[in-house]
Structures are given as C-alpha cells and as structure tokens.
Amino acid sequence: MADGPDSRPTGTAPALAPRPPDPFTLVIFGASGDLTWRKVIPSIYDLWRDGHLPVDFAVVGYARTPMTDESWRERLRDGVSRFSRAAADEKAWSAFASRLTYVSGRYDDPADFRALAERLDRGAADGRLPPNRLFYLATPPGAFADVVRSLDGSGLGRAGDGGAPWARVIIEKPFGHSLDDAWALTDLVRRTFAEGQIFRIDHYLGKETVQNLLVLRFANSIFDPLWNQKYIDHVQVTVAEKEGVGTRGAYYDASGALRDMVQNHMMHLVSLVAMEPPVSLNPDAIRDEKVKVLQALRPIPADCAVDRVVRARYEAGTVGGESVRGYREEEGVPDDSRTETFVALKLFIDNWRWAGVPFYLRTGKRMPARITEIGVHFKALPQVLFGAPPYGPLRPNVLAIRIQPNDGITMRFQVKVPGPAIRLEPYQMDFGYAEAFREGSPDAYERLILDAALGDQTRFTRSDEVEAAWAFVQPILDGCRDCDAQCLMTYPAGTWGPETADRLIRDDGRDWMLVRRRQR
Ligand code: BG6
C-alpha cells in the first residue's frame, strides 16, 4: 500500500500467461449477437495483437442470421474499433480478419451441425482450422441446451484419445434459470463433456482486483490474523450500475437482479472474501474452498424472503444530470413487470471464521454511480481513550477493495490533526492499479478466453459452485414469486435504492458506506 512516490511499485504487470496456448479453432455460437460483437471478438483481437495467441488459430462464427464472411467481418470490425484496447488499423485488421469465417445454421438442427462438423474436419485436414476446438456458447441462455445436444449429436463434443485434439466448451452465464434448471443443464452438458472440458464463465472472475483478493489475503501477513469474527464487525458488498437495462429488456425481465447479479457475480465476491486458505493454487484446491463458503451460507427460507430481502424496481429519475425513464417503460419490458432491478440482503456464513458476522449485499441498476466495492469493516475499539468523548466515538477502520472503477485498495484509519489540541480525523491510504502499474489491466474476457484456451479452470465456476449458489438463491426467488405487488419496492433512478434497503442495515446500527478513493 503506497501513498508516496518512493514506495510505488516500479515493475510492470506480469505477462498474461507463461506460454501461448496450443493451436486452436474458436467456434462461437451466437456469432451475430451483441456479446460476440462487444466482448468476445474485441478481446480475441487484443489477445492476438499482443501476441498471446498461437500463430495457428482461427475463428468460426455460427448463428441463425444469414450472413457472408464479409458482412460478418464488417460487423466485427465495427465492434473492434469501438471496444478493443488497440485501434484496428487496416493492416492488422486484414491479417486478423482473414482468420474469421461465418456459418449460418439453426441450433437444434442435426443437419446444420453435421455440415458444421464436416466443415471443421475439412479445415483441420487441410491445415486451415486447427483440430483443437474451443466452443463458445454466446447465445441467449435459452439456446444453450440445443447447442449442447447438437454438439453431442454431431460428434463435435468428443475429444480425441487422450484429449488430443482437445474440445472444450465455454458456457456463458446465467447457468440455468433456477436450481432445477441448473441441475438439468449440468446433467445434459456432462453427457457430452467431462467437467475438465467445461468452462462456465463469469466475467467477474477475470477482473484484476477480483483476482487480487487471493493475493491480498494470502500474501500479506498483516491481514491474515484479523480476517475473522474476532476483529471484523461486518462486510459490505456493493455492485452499483448507472446504466438501465438498455436494449436487453426482454432478457432482463425474465431474469432480474437476483439471477443476473446475486446468484453469480456477488456469490463469487463473497466466497473469495470469506474462503479459507486453499492447500495450493491448483484450480480445484481454490474452488474447493470457495464452494465450502457457499455451502455454509445460512439459508433464507422462502417464507422469510419477503421480510429479509429488499427487492425494488427503478422508476423515472435523473442519472448524471440526464432524465431517464423507469424500468417498466424500457423497451421489451411489460407494463406490469414485477422484476426487480435492485436487491439488498443480509447473509450469514455459519462457520468458525464468520460466525455472527453479517455480510450486507446490495446491487442495482440506475444508481447514482458505477461502483463495485467490498468494504471490510473492523470492530470498534473499547469506548475509552480516544474512543470516548470528547474525541470519540470513532468510525472503525475499513478496508475497501474497489473492483471498479479506479480499481485498488483503500485503508481508512484515524490520525491526529496537527496542532496543540488532540483532534482526530479519519484518513486513508490508497493503492490504485492505474497509478502503481504502467501496464493496463487486460479486459476480463481476454484473461478468461486465454485461460480456457490454456485449459486453466481456476477462474471458472465448477458445477458444485453453481449449484450451491443456486441453492441459496432459489428459496428467495420462490418466496418472492408469489408475493403481492407491495413487496416489490420502487426507487427513483439516480438514487441508492429504496428506504427499506437503508433500514435493513440501519436497524443493526450500521450504515451503507462507500470509500471514495482520492484521485491524483
Ligand atoms: C452482466 C449482467 O453479467 O454483468 C449485466 O448480465 C451487468 O446486467 C453486467 O450490467 C455488469 O458487468 P460489469 O463488468 O460492467 O460490472
């Protein structure tokens, strides 16, 4: 942690991977869609520009929309120029684009998949399409099962003897729509792919500061002795977005904040903050410890969900000085929608380390700012000396882990204000990635796609993690499903959610708090 120029790290960020992956063909299902255009291809382009991909690699896009190679490339070029880190200059783009080809077909049609398989096999035989295959399911979630069945039916899912050539599958979130659905999907995918071939992607796990949680906790002796119920009063996790649902209204309305954010992104944050030290950095050792946290979550039974979980929907308001419409007025959202765009809840982890420590979670769209932050709030000191009047009571120490934006870590502590009298003020030490390291962080999708190509599952969700997260969220969904309209609150866009979310924490004598990192 550094506050002056002398102690700033001078190194640059480490290379993304120790070696490039084997030659491979990336086959993207949902190739005409938004995710491919906005995230997958710009990330692949950046990886390629930075020399992280093997010389032999190719991309085959597959989707229902009829398109030629050329029209697909044109669309992707637009995405790359908007979203990639490196500008798409003409020469680099042409070299990259020559690796991209497009196939149109249905997701549930055996004949279309046979044609795809033949095309991939021909390409492998003549050396254009490396035989190792990474299948990326970037379709709407409703098509996952069809694609997996078709991969199975066409033989594409089967890897060669001994896993060479290999076949792997990346599956986007949400993995299932409910606990039962997640089980059914796991069962289906496992009929074709072994767990070691399945990469359930959650882009939060590719974020630099999320990866840094393990380093912060297990490479620093100062935090380890304090990281438990003896010294920590409570933990807050805020994932706030300024944006509304944009053009994703129809998808979002069938999902809501509990499924879209809590069941996946927020459960990962909680498990990384709360897990025990893994026995090694081996992917399964880490995931074993994460899943134990989820299994220790105290259930919120369905009949208590309405009282213990605050759900709300944004109404028209002002965000960043701009008037915005309410959720029910968004494109694709029904007028009588009862989907939540905000959730706040309190959870407990019933194990030795965290017994009695509340974790307060809140997430919402159309909040006043885009902030993802984990606040670890330490216990207050005895109310004597400085803790007592006239100096105290004092605000306890807080360690704030800022995931985005301005990712970094801030520690708040008390200092004496210079002068003859004793006056105390909270001050903060800031560590910011952008100021500390010259090299920018790669996008989370770059990190994760490269990991999948390398076969490293550390930052992907294992099936038991998915199930444990669903097991916690499902009773809440069940409890909220049948509640009358009154249990879904509203909040004006541009605010921090409904008053009940404040009461949730205030009734325990605490407040929501975000630590503002100082800007240099
Ligand atoms: C996605 C959700 O997984 O994460 C979106 O489906 C959400 O609704 C997004 O906006 C947030 O990601 P980030 O990286 O912007 O915090």
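Predicted model: local features only at pLDDT ≥ 70, side-chain atom pairs only at ≥ 80, totals over all residues.
Two strands are said to pair if DSSP finds at least two bridges between them, and strands themselves, like helices, are DSSP runs numbered from the N terminus, with at least two residues (E) for a strand and at least four (H or I) for a helix. With that in hand, in strand 12 the bridge partner of Gln236 is Tyr360. Residues are numbered from 1 along each chain as its sequence is written, and side-chain values use heavy atoms, with hydrogens and water left out.

Let me stay with strand 12, residues 359–364. Strand 7 (residues 232–240) runs parallel to strand 12 and is joined to it by 6 bridges, whereas strand 11 (residues 342–347) pairs with strand 12 in the antiparallel sense, also over 6 bridges. Is strand 12 buried or exposed? Of its 6 residues, 6 are buried, where buried means under 20% relative accessible area, exposed means over 50%, and partly exposed lies in between (1.4 Å probe, protein chains only). Both faces are covered, with Phe359, Leu361 and Thr363 on one side and Tyr360, Arg362 and Gly364 on the other.

Now to another sheet, which is open and built from 6 strands in the order 3-2-1-4-5-6, with parallel pairing. Its edge strands, each pairing on one side only, are strand 3 (100–104) and strand 6 (198–200). Strand 5 (residues 167–171) meets strand 6 in the parallel sense over 3 bridges, and Ile171 stands opposite Arg200 of strand 6.

Next come the cysteines. A disulfide is a covalent bond between the sulfur atoms of two cysteines, and here the term is applied to a pair of cysteine sulfur atoms within 2.5 Å. How many disulfides does a search of the whole structure find? The search finds 0. For Cys304, the closest cysteine sulfur belongs to Cys480 and is 11 Å away, so it is too far for a bond. Cys480 is in no disulfide either, since the nearest cysteine sulfur, that of Cys487, is 5.7 Å away. Cys480 counts as buried because its relative accessibility is 5%.

I will finish with Phe386, which is found in the loop between strand 13 (371–378) and strand 14 (398–404). Phe386 counts as partly exposed because its relative accessibility is 40%.
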